[in-house]
Amino acid sequence: MSNIYKAFENGKAFIPFITCGDPTLETTKQAVMEMEKAGADLIELGIPFSDPTAEGPVIQEANIRALKNKVTTDDVFDMVKELRKTVKIPMVFMTYANVIFSYGAEKFMKNCKEVGIDGMILPDIPFEEKKEFNQMCEKYGLALISMIAPTSEERIGMIAKEANGFVYCVSSLGVTGVRTNITTDIGAMVKKVKEQKDIPCAVGFGISTPEQAKKMAQYADGVIVGSAIVKFCAAYGENAPMEIGKYVKEMKDAVS
Amino acid sequence: MSKGRFGIHGGQYIPETLMNAMLELEEAYNRYKDDPEFNKELQDMYNEYAGRPSHLYYAERMTKDLGGAKIYLKREDLNHTGSHKINNVIGQMLLAKRMGKTRIIAETGAGQHGVATATVAAMMGMECEVYMGKEDCERQALNVYRMRLLGAKVHPVESGTATLKDAVSETFREWTARIEDTHYVLGSVMGPYPFPEMVRDFQSVISKEIKEQMLEKEGRLPDAVIACVGGGSNAIGAFYNFIEDKKVRLIGCEAAGRGIDTFETAATLNTGKVGIFHGMKSYFCQDEYGQIAPVYSISAGLDYPGIGPEHAYLHDIGRAEYVAVTDDEAVEAFEYLSRTEGIIPAIESAHAVAYAMKIAKDMKKDEIIVINISGRGDKDCAAIARYRGENLYE
């Protein structure tokens, strides 16, 4: 069993996402430490991919910036190893199937275990394809986190039954990115999950303001924010970590 | 293994948000593919609207000039809208209509699939939006105008390399945002199941006709069928009904660009390795960390870093051969066919012509080659003129 459950022991969880190496790995490292200090409960580390098909423009550009700096999967592993010397909260990777497949699933998962990664979120691996990686995830004690979407409906039961770590509830149709309005009935989605399995549910996609986070936290066990954080990297570059820390504190206060 | 596998290839590597749409499509396709009424409507539209069957033309001058195998051209360039793309578009649009969809989205590389989609959408009164790489919009400005003329909205895609792969990514993104009333008419035998199988079935009319026409004209099957391969829809269409006829060589021509030993290539099976992208497991041009390569070919339609999963499988089991043809060779073939037969092929199809020119002369006179002329070359004239140093703009 992974350590992900610990993220949900401190009230409602706040889960920030950041793309590794945007604009440098040193920036990412500082940002992760600031986020932990500011009360983040779990961190999603994006391993850059050339063609992130589930992302909106903000995170697409972050991937491009990171790859321009020639950040590789091995560099990301090295960074996590360094971070683990001080960072205690759970960390998971968010990336695409080809990054893992080309690295070699077993080698990838083994490295994850060794550097202290707790699980992974793979938006292009739906329930039907999870056997691509879940055996290796299990072997190395990593949670392959399941996603459910507003279109999942009757699929939720089947997905929830086999879910690990937490269930990532996609708040809206479309790709990642800030939205002014979230109309999906998150409460109903979460209820369907809990009917199958007692597992934490965190909501992501489109959340950026403390008001939205507070509202979403009423229905779920945690709130995930990506694009709003990546925007700080775009705006402040190497000076982003302090700004990100302030923002994370505000968001954690809002969900608590 | 999950659904839609060709050996290890294929599958459904897509976001959860799209899974129910894929199940809905699979269900609809399985319900209608053997439905007599659906197939009658499809055949009527093939015949009355697309102008099928397309001719199998004996290229006598080319045959004599090369002095070897007898060469036939399957004239998909004579279809309405000028390429094989309409075969698949008509099929998917009839399906979309039955599924109650009112809005169509599509990607396009050279613009051939976009034009075919915009055309059938106009004919069926459906809303149509086409995603096209910004660079391709510039390379194929006339096709952009044609799509607009047909009532479609064209979105230039600026992300990534601003070519076909990015257009595919962007169309998938758009579909994730709006599924209820929208069908994505994917233009090749790629992406998640059921697309590779469904698009193949709609394109297999090409080899069904070749077989009938060949038996009528020659009383036997051809020795080789040659087609260009990007995603691979015209090639699978030309190969499919010959797969069981083991004596028929099936040859796919990939775009080598400036050469398979350079970075400026799009020859996936010749330079790529197995990966997972755009909803499928197959071969992809990529670096050692799995980052998809920014591929290059003079032909916008073959400028794609992957290949359909069924081709990957035919490659793995050795049933089809996949060769690489450079820009230079394709341009020479483009000019050669124009001069020798009075047929201007699409620069994509010219890749197949080039390889036929290479092997025909070493074959016996009683052997037969069929080249699939997947599209016509009017769209390419300005670009080829510029390639030859002429200052010609559309």
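**View 1. B:Cys228 sits in strand β9 (residues 224-229) of chain B.** Helices and strands here are DSSP runs (H or I of at least four residues for helices, E of at least two for strands), numbered from the N terminus. This is a predicted model, in which local features need pLDDT of at least 70 and side-chain atom pairs count only at pLDDT 80 or more, while totals for chains, interfaces and linings use all residues. Residues are numbered from 1 along each chain as its sequence is written, and chains are lettered from A and ligands numbered from 1 in the order in which they are written. B:Cys228 counts as buried because it has 33 C-beta neighbours inside 10 Å. The cut-offs go like this: 20 or more other C-beta atoms within 10 Å of a residue's own make it buried, 12 or fewer make it exposed, and anything in between is partly exposed, with C-beta atoms placed from the backbone. Leaving out residues up to four places away in sequence, B:Cys228 touches B:Asn234, B:Ala235, B:Cys253, B:Leu302, B:Glu348, B:Ser349, B:His351, B:Ala352 and B:Ser374. Contact means that the C-beta atoms of two residues, placed from the backbone, lie within 7 Å. B:Tyr322 is 94 residues from B:Cys228 in sequence, yet their C-alpha atoms are 9.3 Å apart.

**View 2. Helix α14 of chain B, residues 327-341, with its buried side.** The helix has 15 residues and spans 21 Å from first C-alpha to last, close to the 21 Å expected at 1.5 Å a residue. That expected span is 1.5 Å times one less than the number of residues. Its buried residues are B:Asp327, B:Ala330, B:Val331, B:Ala333, B:Phe334, B:Leu337 and B:Glu341. They sit on the same side of α14(B) because they cover an arc of only 160° around the axis, the arc being that of the directions from the helix axis to the C-beta atoms. Among the elements covering these residues are α3 (60-66), β10 (249-257) and α15 (347-360) of chain B.

**View 3. The place where chain A touches chain B.** Here 32 residues of chain A are in contact with 28 residues of chain B. On the chain A side, α2 (57-68), α4 (97-103) and β5 (143-148) each supply at least two residues. Of these, α4(A) gives the most, with six residues. The chain A side divides into 16 nonpolar, ten polar and six charged residues.

**View 4. The largest nonpolar core, with 225 residues.** Such a core is a set of buried Ala, Val, Leu, Ile, Met, Phe, Trp, Tyr and Cys residues joined through C-beta atoms within 7 Å. Those with the most contacts inside this one are A:Cys169, A:Ala202, A:Val223 and B:Ile226. The largest share, nine residues, comes from α15(B). Both domains of chain B give residues to this core, so it lies between them. Not counting residues up to four places away in sequence, A:Cys169 touches several residues, including A:Ile148, A:Met189, A:Ala202 and A:Ala220.

**View 5. B:Ala312 in helix α13 (residues 309-316) of chain B.** B:Ala312 counts as buried because it has 27 C-beta neighbours inside 10 Å. Setting aside neighbours within four places in sequence, B:Ala312 is in contact with B:Phe6, B:His9, B:Ser282, B:Tyr283 and B:Ile307. B:Gly7 is 305 residues from B:Ala312 in sequence, but 8.7 Å away in space, C-alpha to C-alpha.

View 6. A cis peptide bond with omega about -5° joins A:Asp22 and A:Pro23. A:Pro23 is in the loop between β1 (13-19) and α1 (25-37) of chain A. In chain B, the bond from B:Tyr193 to B:Pro194 is cis, with omega near 10°. B:His278 is not a glycine, yet its phi is positive, about 50°.

Note on methods: Nonpolar A, V, L, I, M, F, W, Y, C, P; charged D, E, K, R; others polar. Domains from an automatic or database assignment.
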